[in-house]
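Visitor: I have some questions about this one. Can we go through it piece by piece?

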Amino acid sequence: MSQETVHIIDVESGNLRSLQNAIEFLGFNVEYIKYSKDLDISKIQKLILPGVGNFGHFVKEFYSRGFEQPLLKYIESGKPLFGICVGLQTFCKDSTESPGVKGLGLLSVSLTKFNDKDLEYGKSVPHIGWNSITIPKFENSGEHKTFYNLNPNARYYFVHSYAAIVSDEQIEHLQNNEGWDLAIGKYGTEKFIAAIIKDNIFATQFHPEKSGIAGLKLINSFLKGEKIMTLSNDSTISTDSNIEITPTGLTRRVIACLDVRTNDRGDLVVTKGDQYDVREKSDEGGDVRNLGKPVEMAEKYYKQGADEVTFLNITSFRNSPIKDAPMLDVLKLAAKTCFVPLTVGGGIKDVVDPDGTEVPASEVASLYFRAGADKVSIGSDAVVAAENYINSNKVKTGKTPIETISKAYGVQAVVISVDPKRFYVSDPSTIEYNCIKTKTPGPNGEEYCYYKVTSQGGRKVHDLGAYELCQACEDLGAGEVLLNCIDKDGSNSGYDFELIDQVKSAVSIPVIASSGAGKPEHFEDVFKNTKADAALGAGMFHRGEYTVKEVKEYMRSKGLQVRIDNETV
């Protein structure tokens with residue numbers, strides 16, 4: 001018996017490989033449709049419209065390829081259509097993200113940006129992480145059913161700055177007057193449309209292909225045409241009264257990070273160093289510390305419940321981003337079995353191939369997105385971009401990797417990786433950078449400190465503060481900060497709370513705490529003592545001292561809301 005084919009509209013915007021992998025994992029074939037001439041309704045049984053990034057960029061590509069009328073005719077045919085993320089947004093009227101660009105208008109709402117001042121202490125925008133949904137139609141009816149296995153007891157992965165933010169009156173109008181059934185998400189106090197269904201149209205603002213088992217079950221139900229399913233008792237969300245309800249609604253996000261490097265024999269290995277020294281100690285000079293193979297370890301962490309997996313290619317490209325492709329192969333393989341977000345860093349910059357061909361950073365990033373990455377991490381080039389931006393009185397050139405990638409793929413696709421080092425001072429008025437009064441005075445009793453940015457694995461110190469760097473990069477279009485700490489790296493002594501709080505006070509984008517995690521208590525401490533949006537672990541997982549699941553179970557035992565997924569598809 002031949003496998004059924006699922007068709008995906010591809011306007012070449014972002015990572016579609018993960019969606020393809022999820023569909024193939026569930027036993028279906030995939031074919032892409034890149035231009036409207038190939039949208040033959042008679043040959044298509046199920047159609048998916050996935051979108052990533054900037055609303056205007058995506059919708060303009062959608063229209064320029066002639067998809068508007070063929071898609072409307074497909075909808076009229078009554079065959080199933082599934083929109084994902086910006087695919088759902090395309091059904092709306094328009095977006096303040098892209099003035100003058102009109103959506104299809106099937107849903108009579110406009111998209112607006114989340115309010116980062118919504119909560120007392122503010123909230124991070126983009127909305128990145130695992131959130132829950134409610135289904136108003138069933139909330140008060142006593143019917144414990146949902147559409148396409150969409151489950152109010154599960155957590156789904158969201159990553160967006162703009163949404164169909166709605167009032168209760170709008171929800172009622174859309175359901176009663178326009179005939180839409182809705183799932184509603186809540187980020188802080190703001191309600192937004194998380195999913196829609198009407199006749200043959202189904203769409204989600206979240207990414208089911210990145211939502212673990214809960215997302216796979218939803219995709220499976222759509223592909224099999226199982227429109228109404230009995231509500232399952234999924235354990236990804238805890239309703240225990242002793243577990244916190246976070247102000248944002250998000251779970252506490254735990255990320256597993258893999259430093260990937262080529263060893264002296266040319267093999268890609270996962271390694272971990274002590275303050276960035278990744279070689280074994282030896283009188284004759286040891287080889288790169290080998291803690292395992294990156295693809296196998298990524299799958300292991302996904303199965304243990306990691307909310308995201310990050311690959312940092314610390315050897316970067318040796319020759320060419322096109323020809324030197326081992327990390328692309330790693331991503332392609334990892335994305336086949338890891339249905340959570342994948343981030344990759346190292347070599348995301350404008351480069352020149354050995355033959356003289358110039359390859360812009362946006363094209364390098366697109367290679368990674370097509371391989372399965374959801375986000376790219378920029379390190380040293382972010383420092384250069386920030387320095388130039390600050391020195392030019394904050395003039396944007398539009399040509400930095402941060403700007404070009406975020407313009408095409410959205411700010412949520414760009415992470416800056418920051419490697420700061422602490423410096424103590426007696427008098428903060430003599431320092432041009434943002435200083436803090438520290439609880440751990442310096443060697444000479446200094447009561448103040450600041451953090452200077454480093455690059456090249458901590459070897460080069462820049463005349464730039466981490467506070468100022470992160471502000472500049474947010475202005476340029478970064479959507480998230482991966483905040484390392486040279487002083488804490490490899491120490492297993494816990495995170496630097498003062499650094500985290502200082503950077504959180506500088507930006508409104510999410511901040512990932514990194515460097516220093518050595519035991520589960522450190523994850524509890526960082527979430528209870530700082531406003532970190534996520535926490536990253538590496539060596540403690542690689543060495544087998546703790547599993548991701550053990551860390552999450554410990555966190556839950558201490559009252560923290562985490563996603564623990566024990567179900568199967």
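Guide: Strands β12 (residues 181-187) and β13 (residues 190-198) run antiparallel and are joined by seven bridges. Strands here are DSSP E runs of at least two residues, helices are H or I runs of at least four, and both are numbered from the N terminus. This is a predicted model, where local features need pLDDT of at least 70, side-chain atom pairs count only at pLDDT 80 or more, and totals for chains, interfaces and linings use all residues. Residues are numbered from 1 along each chain as its sequence is written, and side-chain values use heavy atoms, with hydrogens and water left out.

Visitor: What is the bridge partner of G185 in β13?

Guide: F192.

Visitor: And the strand order in the open sheet?

Guide: β2-β1-β3-β4-β14-β13-β12-β8, eight strands with mixed pairing; two strands pair if DSSP finds at least two bridges between them.

Visitor: Which strands stand at the edges?

Guide: β2 (29-33) and β8 (133-134); each has a single partner strand, so one side of each has no neighbour in the sheet.

Visitor: Which strands does helix α1 lie across?

Guide: Helix α1 (residues 17-25) lies across β1 (5-9), β2, β3 (47-51) and β4 (81-85), at about 150° to β2. Helix α7 (residues 212-224) lies across β1, β3, β4 and β14 (201-204), at about 155° to β4. Contact means heavy atoms within 4.5 Å; axes are lines fitted to C-alpha atoms, for helices over the stretch in contact, with angles from 0 to 180 degrees between N-to-C directions.

Visitor: Change of topic. How do α13 and α14 cross?

Guide: The axes of α13 (466-476) and α14 (residues 497-506) come within 9 Å and cross at roughly 35°. Y467, C470, Q471 and E474 in α13 meet Q502, V503, S505 and A506 in α14.

Visitor: Now cavities. How many of 30 Å³ or more?

Guide: Five. A cavity is a set of points on a 1 Å grid over the protein atoms alone where a 1.4 Å probe fits but cannot get out; a pocket is an open set with protein on both sides within 12 Å along at least five of seven lines; lining residues have an atom within 4 Å of a point.

Visitor: What volume has the largest cavity?

Guide: About 170 Å³, the space filled by probe spheres set on grid points joined across faces, edges and corners. Of its 18 lining residues, V52, V159, H207, D374 and Q412 are the closest to the centre.

Visitor: And the second largest pocket?

Guide: Its volume is about 680 Å³. It is lined by 34 residues, with N54, E97, Y162, S406 and V411 closest to its centre.
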